[in-house]
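Hi,

Here is the structure I promised to pass on.

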Amino acid sequence: MSVSPAPGRPAEDWWKSAVVYQVYVRSFADADGDGVGDLAGVRSRLPYLRDLGVDALWLTPFYRSPMVDGGYDVADYRDVDPIFGTLADFDDMITDAHALGLRIIVDIVPNHTSDAHPWFTAALASPPGSAERDRYLFRDGRGPGGDLPPNDWESIFGGPAWTRVPDGQWYLHLFDPAQPDLDWRHPEVRAEFEDVLRFWLDRGVDGFRIDVAHGMIKADGLPDVGDGVPAGQRQVELLGRARLPYFDQDEVHDIYRAWRPILDSYPGGRMAVAEAWAETPQRLARYIGPDELHQAFNFDFLDATWSADSFRKVIDTALAEATIVGAPTTWVLSNHDKQRHVTRYGDGALGLRRARAAALMMLALPGSVYLYQGEELGLPEVLDLPDELRQDPAFRRTGESRDGCRVPLPWSGDVPPYGFGPAGAAPAWLPAPPTWRARSVAAQTGVPDSTLELYRAALRLRRDHPALPDGPAGAGDPGDAGGPAAAGGVRWRESEPGVLAFSRAAPAGAPELTCVVNFGGEPVTVRDHGTPVLTSEPLAGGADGTTLPTDTAGWFVRPVTG
């Protein structure tokens with residue numbers, strides 16, 4: 001089944017302007033009533049996603065797994081875990097998605113396997129120096145009797161990055177001990193994952209999100225970090241800023257140069273997006289291009305603080321990087337690893353108000369957008385989950401947990417789990433708070449001022465307005481002295497302190513669109529920006545014209561002049 005591209009966009013370039021909706025499968029919809037989301041549940045809710053106005057779904061891992069890390073510990077890359085269904089369920093889901101005009105991106109987890117993967121169980125059953133152990137990073141320890149880890153590396157989840165096995169050797173795991181790192185210099189590892197790509201491409205997937213895309217190659221000799229920080233005190237981050245011997249090594253690009261021809265050999269614009277960090281924009285740019293990957297996530301946008309200066313700097317940098325790599329950037333506000341942005345931006349109503357404004361700002365920018373499930377409902381982070389229910393492996397090692405952004409979605413009804421499963425279903429694997437009754441899909445549908453209807457309206461305008469989502473680089477009204485042009489079809493407008501305003505010009509003289517975001521402490525006049533077409537909160541009137549309240553955003557249109 002072919003999928004129609006966005007208007008004016010060749011089919012192979014669909015990803016350049018797509019709105020991609022991240023589905024955390026365990027928490028999206030439960031069809032069989034066991035309290036855990038599944039592929040049949042995703043399939044049942046595809047019409048909702050079509051009507052929301054997204055272009056594609058990114059599914060978190062649904063492969064066979066012990067679920068130590070929510071499925072990011074894969075035991076079989078070519079099968080569906082029974083809690084999520086079967087391969088037939090996947091095939092039915094992707095067939096229906098394509099029929100509805102939705103594309104499917106799946107997660108691939110190449111840095112590590114599960115300790116239940118047949119390769120690792122064979123490695124544990126084999127002696128040091130064996131071919132089975134060569135697929136992973138087994139090493140002898142240091143110190144008397146090899147009692148110390150091979151180096152000073154620490155896990156992203158806290159504690160040492162090495163675990164000792166009974167015969168005395170140690171194996172590397174940058175994450176949980178149940179996630180042993182593969183040795184990507186081993187030709188068998190590379191051949192295996194190239195075959196895994198083909199397996200899912202043959203089943204019709206439209207793209208891959210690459211987990212820890214910057215981490216597969218480790219520096220020769222596995223040298224110490226050598227920063228002098230005592231063991232256990234180093235703050236190790238997956239997307240941090242430190243130069244590390246296990247991230248962003250030059251040789252990682254050989255992997256993607258081998259993957260790109262595989263993707264290009266399939267029709268319809270199959271793509272890959274990297275979860276990658278690099279020390280400089282120039283190094284990140286190396287992941288993207290006609291011979292490597294199509295996109296990399298722009299995590300700086302997610303990490304921006306709530307201020308005009310912070311977002312202006314991030315947007316300018318991202319658009320400049322897009323010019324370097326010759327590909328549109330990505331925008332993301334939340335995901336399954338980060339606290340929901342409603343909560344990051346403030347307590348209660350303030351956080352939601354700012355999140356709604358941020359959504360309009362993000363959706364007005366050129367490039368592709370990645371939405372995290374539930375953000376269209378204005379869901380906050382659940383901060384008071386009982387410790388005994390938390391399942392994030394990082395919680396056991398660091399006391400910090402990502403479970404609060406993974407609570408199952410509320411669909412309908414007055415009591416938990418709010419339609420997450422069928423009538424009489426088991427309790428959801430994580431409990432939703434009582435306040436989510438008013439945030440369910442059913443409670444917000446058709447309510448003009450609801451967050452869900454705001455997203456639906458914004459996505460509809462983003463698809464239909466001639467200035468969105470694409471525009472020529474530096475486009476704008478040449479007769480307007482409102483501000484300098486930026487790369488990627490954005491022109492900054494002069495504005496009051498604490499306010500961001502940028503315009504997107506449409507082709508052939510069609511009305512341009514201006515997005516205004518008021519980060520400041522006072523309402524601002526927006527009369528000169530044109531006619532309002534969508535605002536995150538109602539505009540206020542006054543003798544001097546229409547005003548935009550603080551912590552809100554709006555889209556305005558006016559004919560191009562000059």
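Let me begin with the charged residues: Arg243, Asp248, Asp250, Glu279, Arg283 and Arg286 are tied together in a network of salt bridges. By salt bridge I mean a side-chain nitrogen of Lys or Arg within 4 Å of a carboxyl oxygen of Asp or Glu. Before you go further: this is a predicted model, where local features need pLDDT of at least 70 and side-chain atom pairs count only at pLDDT 80 or more, while totals for chains, interfaces and linings use all residues. Residues are numbered from 1 along each chain as its sequence is written, and side-chain values use heavy atoms, with hydrogens and water left out.

In total, the structure holds 40 salt bridges. One of them joins arginine 133 to aspartate 167, with the closest N and O atoms 2.4 Å apart. Arginine 133 lies in the loop between helix 4 (118–124) and strand 6, and aspartate 167 in the loop between strand 7 and strand 8, so this pair links distant parts of the chain, 34 residues apart. Helices (H or I, at least four residues) and strands (E, at least two) are DSSP runs, numbered from the N terminus. Arginine 133 counts as buried because its relative accessibility is 2%, whereas aspartate 167, at 39%, is partly exposed. The cut-offs are under 20% relative accessible area for buried, over 50% for exposed and in between for partly exposed (1.4 Å probe, protein chains only).

Glutamate 251 and arginine 185 form another salt bridge, their closest N and O atoms being 3.0 Å apart. This pair also links distant parts of the chain, 66 residues apart: glutamate 251 is in the loop between strand 9 (207–210) and helix 6 (252–264), arginine 185 in the loop between strand 8 and helix 5 (187–202). Glutamate 251 is partly exposed at 27%, and arginine 185 is partly exposed at 34%. Then there is arginine 209 with aspartate 211, closest N and O atoms 2.9 Å apart; both residues are buried.

Three strands form an open antiparallel sheet in the order 6-8-7. Strand 6 (138–139) and strand 7 (162–164) are the edges, each pairing on one side only. Pairing here takes at least two bridges found by DSSP between two strands. Strand 6 is joined to strand 8 (residues 170–172) by two bridges, and arginine 139 has tryptophan 170 as its bridge partner in strand 8.

Last one: valine 490 sits in strand 15 (residues 490–492) and is buried, at 0% relative accessibility.

Cheers
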